[in-house]
Amino acid sequence: ALILAAGTAEAYTVEQGTLRDGNSQPLTLRGVNWFGFETSDHVVHGLWARNWKDMIAQIKAVGFNAVRIPVCPGTLAGSRVSSVNTTLNPDLAGRTSLEVLDRVLGEFDRQGLHILLDHHRLDCNGGISELWYDPGHGEQDWIDDLVFMARRYRNLPHFLGIDLKNEPHGAASWGLGRPATDWNSAAERAARAVLEAAPDILIFVEGIQDNPSCSGPVPHWWGGTLEPLACHPLAIPA
């Protein structure tokens, strides 16, 4: 059963490049990634050596106020976790990946850290896919994952938003009129579904790698260019 207490989520907004919290106050994010839920371990890393709440306390103590949590579909499905020292983390013994995710996000929220979820991998055992779908996990599966997260955590007051897909690259295009590869159009479709489920969170859209139009000659890393946005703006609901 979901252990997260119902609350009132902050209505995050962005106005002319300024991020604002639920009280309309400017918010500067000082964020850190905590990897692991996107891997075949299905749990944040480091729990083989430390207690999970102690690690969250340290993240806060050194000055971070936000955390990005990458996930993969198997984690959302409630898989068996590995690489957890249950002597150091007795409250996680026997918990599924989804149950651990619930607890981790609930503690971040309780500590007042803003939470960004990241759909990082389509295959928990594989690498980063070029596109938002592959033969084993279609576009609708991906959107279903995003909506699942939006609905499950929408009552956490510090649930900031969802990074729709980590590092589109390779075949990923922007504004070329190619439904199979145009990342901007896929992001718009996903954003509509997510915001219908959780209207108060923010949508994070990464760039692509390179594009034959509206992109300069300097090569970019995966997800690294948003230059084509100038030619083809994103149509995402406010």
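Predicted model: local features only at pLDDT ≥ 70, side-chain atom pairs only at ≥ 80, totals over all residues.
Let me start with Cys-214, which lies in the segment after strand E7, where strands (E, at least two residues) and helices (H or I, at least four residues) are DSSP runs numbered from the N terminus. The phi of Cys-214 is near 55°, a positive value in a residue other than glycine. Cys-214 is partly exposed, with a relative accessible area of 29%; here buried means under 20% relative accessible area, exposed over 50%, and partly exposed in between, with a 1.4 Å probe and protein chains only.

Residues are numbered from 1 along each chain as its sequence is written, and side-chain values use heavy atoms, with hydrogens and water left out.

On confidence, pLDDT is the predictor's confidence in each residue, from 0 to 100, and its mean over the chain is 95, with 96% of the residues reaching 70 or more. Over residues 1-6, however, the pLDDT is below 50, and this stretch has eleven contacts in the model beyond near neighbours in sequence, a contact meaning heavy atoms within 4.5 Å.

Back to the backbone: most residues other than glycine have a negative phi. Ser-24 lies in the loop between strand E2 (18-20) and E3, and at 45% relative accessibility it counts as partly exposed.

Next, Leu-176, which sits in the loop between strand E6 (159-163) and helix H5 (183-197) and is partly exposed, with a relative accessible area of 24%. Which residues does Leu-176 contact, leaving aside its neighbours within four places in sequence? They are Asp-182, Asn-211, Pro-212 and Ser-213, and for Ser-213 the C-alpha to C-alpha distance from Leu-176 is 8.0 Å, across 37 residues in sequence.

Helix H5 itself holds Asn-184, which is buried at a relative accessible area of 5%. With neighbours within four places in sequence left aside, Asn-184 is in contact with Ser-173, Trp-174, Gly-175, His-232 and Leu-234. The C-alpha atoms of Asn-184 and Ile-236, which are 52 residues apart along the chain, are separated by 10.0 Å.

As for the terms, on a 1 Å grid over the protein atoms alone, a cavity is a set of points where a 1.4 Å probe fits but cannot get out, a pocket is an open set with protein on both sides within 12 Å along at least five of seven lines, and lining residues have an atom within 4 Å of a point. Grid points are joined across faces, edges and corners, and a volume is the space filled by probe spheres set on the points.

How many cavities of 30 Å³ or more does this rule give? The count comes to one. The largest cavity has a volume of about 40 Å³ and is lined by His-119, His-120, Arg-121, Leu-122, Ser-129, Trp-132, Trp-142 and Lys-165, which divide into three nonpolar, three polar and two charged residues.

Finally, helix H1 (residues 52-61), whose buried residues are Trp-52, Met-55, Ile-56 and Ile-59. Why do these buried residues line one face of the helix? Seen down the axis of H1, they fall within an arc of 100°, so they line one face, the arc being that of the directions from the helix axis to the C-beta atoms. In general, an α-helix has 3.6 residues a turn, so residues three or four places apart point the same way. What covers the buried residues of H1 includes strand E3 (31-33) and helix H3 (97-110).

Note on methods: Nonpolar A, V, L, I, M, F, W, Y, C, P; charged D, E, K, R; others polar.
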